[in-house]
Amino acid sequence: MRLFLTGASGLLGGNFAAVAARAGHEVVGTVGGWTGAPIPGLATQMRLELRNGAALEAAVRRARPEAIVNCAAVSDPGQCEREPELAAALNVELPRQLATLAQKLGVRLIHVSTEQVFDGSGAPYSVDDPVAPINGYARLKADSEREVVAAAPLLSAVVRAPLLMGNSPGGRRSVHERLLLDWSEGRVARLFNDEIRQVAMADNLAAVLLELCVRCELCGVFQWAGAEPVSRHWLGLAIAARFGIPAQGRVVVAHLLGTPLAATRPPDLRLDLRPLTELLSTRPEPLGPQLARLVVPEALLGAMGKLRNGPLPWAQPEPSGAADGNAGPASAWDGRRPRCCGVTAVSKAWMRGRARP
Ligand SMILES: NC(=O)c1ccc[n+]([C@@H]2O[C@H](COP(=O)([O-])OP(=O)(O)OC[C@H]3O[C@@H](n4cnc5c(N)ncnc54)[C@H](OP(=O)(O)O)[C@@H]3O)[C@@H](O)[C@H]2O)c1
């Protein structure tokens, strides 16, 4: 199958290119400002400013794809606040244009949305629950869902994704890559133990998107995630343990509830993955196998020895994780299911502090 992929230099797009090529598909992929090595898996790589609608349409027509997969976005909520026009162009106008084009050409479109379309007060969320975005990024993604479904109702599938882990082409986009960079530059990660995410690997989500490219009967909005909800704090501890890095002084527990950030960060985004889990062969993964596939970005290989060598010299003992039921693995990741979440308690605590809309 010939596939047209936008955002091939991103975390998800880079993984999609590799997964699709391994399965024997021909991938024509776009990059924006990417200046690194050729993206593995792309048969054709083109630099394209995706806000240029005419150039985009010409590129899609030239490629003559059987499916379009949209992994391009302004994916950082902070950047969406700082650059609202750019964010609206990439996160709403681009998917709308791709859906219109897909409809015109009669090709399949797969678009990626986010679990953040929910406000986090009513988890777990089913695909039919009403969206209630509480930040600008999420509002744009919710708009994109409506635009895509309206413009190509019988050709499009939209997948709401959770917080993604994985190895990105540039080594700077995913959770573990950002944490390793922070730690290598001496920064402490303050991570919420009451922010629950059902994290998934980008290559696992890519396999879902690829299945959807050929399952043309599956149209509308869907959800995908990992098999286990974890707190951000637990995830930080598990990532440190995965790479044999002492967490003391590098990962510090923080609480979202009661801070101004709680107004824009949904606390609990567990998802009900039906009906996709009943329809696809790709399975949601537990955390252990996800962590096992993470690698150290090349640029940080040199820093790893120092990072593994013990706590930071100025490290203070962390406020007891055990006290809030969020104690992490002490050394190397032991593959056990996290005991951490206290999801119900967290949701209830959050609900006490905030009225449901
Ligand atoms: N990452 C997550 O945790 C997460 C969670 C839920 C949902 N999602 C969604 O999943 C999708 C993929 O996210 P991601 O994390 O893979 O994003 P990402 O790593 O930030 O990649 C974004 C991609 O978009 C391209 N791009 C951005 N602006 C462009 C422009 N003006 N012209 C051309 N290309 C442009 C970038 O190209 P260059 O880098 O070459 O400029 C890059 O390839 C997005 O829809 C995102 O909202 C992500």
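Trainee: Does Gly 122 count as buried, partly exposed or exposed, and why?

Mentor: The class follows from a count of neighbours: 20 or more C-beta atoms within 10 Å make a residue buried, and 12 or fewer make it exposed. Gly 122 has 18 C-beta neighbours inside 10 Å and therefore counts as partly exposed. Its place is the loop between E5 and H5. Across the chain, the C-alpha atoms of Gly 122 and Asp 268 are 7.8 Å apart, although 146 residues separate the two in sequence.

Trainee: Where does Ile 134 lie, and which residues is it in contact with beyond its neighbours within four places in sequence?

Mentor: Ile 134 lies in the loop between E5 and helix H5 (136-151). Its contacts, with those sequence neighbours left aside, are Asp 119, Ala 263, Thr 264 and Pro 266. For Pro 266, the C-alpha separation from Ile 134 is 7.4 Å, at 132 residues along the chain. Ile 134 counts as partly exposed because it has 18 C-beta neighbours inside 10 Å.

Trainee: How much confidence does the model carry, and what is its mean pLDDT?

Mentor: This is a predicted model. The mean pLDDT of the protein is 90, and 87% of its residues reach 70 or more. Over residues 315-357, however, the pLDDT is below 50, and this stretch has 81 contacts in the model beyond near neighbours in sequence. Where pLDDT is low, the predicted coordinates should not be read in detail.

Trainee: How many helices and strands does the protein have?

Mentor: There are 12 helices and 13 strands. Of the 357 residues, 49% are buried. Among contacts between residues at least 6 apart in sequence, 78% join residues at least 24 apart.

Trainee: How is the packing of two helices described, and at what angle do the axes of H6 and H8 cross?

Mentor: Two packed helices are described by the angle between their axes and the distance between the axes. Here the axes of helix H6 (residues 175-184) and helix H8 (residues 232-242) cross at roughly 70° and come within 10 Å. H6 and H8 are therefore roughly perpendicular to each other. At this contact there are four nonpolar, two polar and no charged residues. H6 contributes Val 175, His 176 and Leu 179, which meet Leu 235, Gly 236 and Ile 239 of H8.

Trainee: Which residues of H6 are buried, and what covers them?

Mentor: An α-helix has 3.6 residues a turn, so residues three or four places apart point the same way. In H6, the buried residues are Val 175, His 176, Glu 177, Leu 179, Leu 180 and Trp 183. Their cover includes strand E7 (164-165), strand E8 (189-192), H8 and helix H11 (304-308).

Trainee: Which backbone angles deserve attention?

Mentor: Most residues other than glycine have a negative phi, and most peptide bonds are trans. Arg 64 has a positive phi near 50° and is placed in the loop between helix H2 (53-63) and strand E4 (67-70). Because it has 11 C-beta neighbours inside 10 Å, Arg 64 counts as exposed. A cis peptide bond joins Ala 123 and Pro 124, with omega about 0°; Pro 124 is in the loop between E5 and H5. Another cis peptide bond, with omega about 10°, joins Arg 274 and Pro 275.

Trainee: Finally, which residues come nearest to the ligand?

Mentor: Of the 27 residues around the ligand, Gly 7, Gly 10, Leu 12, Gly 32 and Trp 34 come nearest. By class, this shell holds 15 nonpolar, nine polar and three charged residues. Its largest share, three residues, comes from H1.

Notes:
Residues are numbered from 1 along each chain as its sequence is written. This is a predicted model: local features need pLDDT of at least 70, side-chain atom pairs count only at pLDDT 80 or more; totals for chains, interfaces and linings use all residues. A residue is near a molecule or strand if its C-beta atom, placed from the backbone, lies within 6 Å of it. Helices (H or I, at least four residues) and strands (E, at least two) are DSSP runs, numbered from the N terminus. Ala, Val, Leu, Ile, Met, Phe, Trp, Tyr, Cys and Pro count as nonpolar, Asp, Glu, Lys and Arg as charged, and the others, Gly among them, as polar. Axes are lines fitted to C-alpha atoms, for helices over the stretch in contact, and angles run from 0 to 180 degrees between N-to-C directions. Angles under 35 degrees count as roughly parallel, over 145 as roughly antiparallel, 65 to 115 as roughly perpendicular and the rest as oblique. Two residues are in contact if their C-beta atoms, placed from the backbone, lie within 7 Å. pLDDT is the predictor's confidence in each residue, from 0 to 100.
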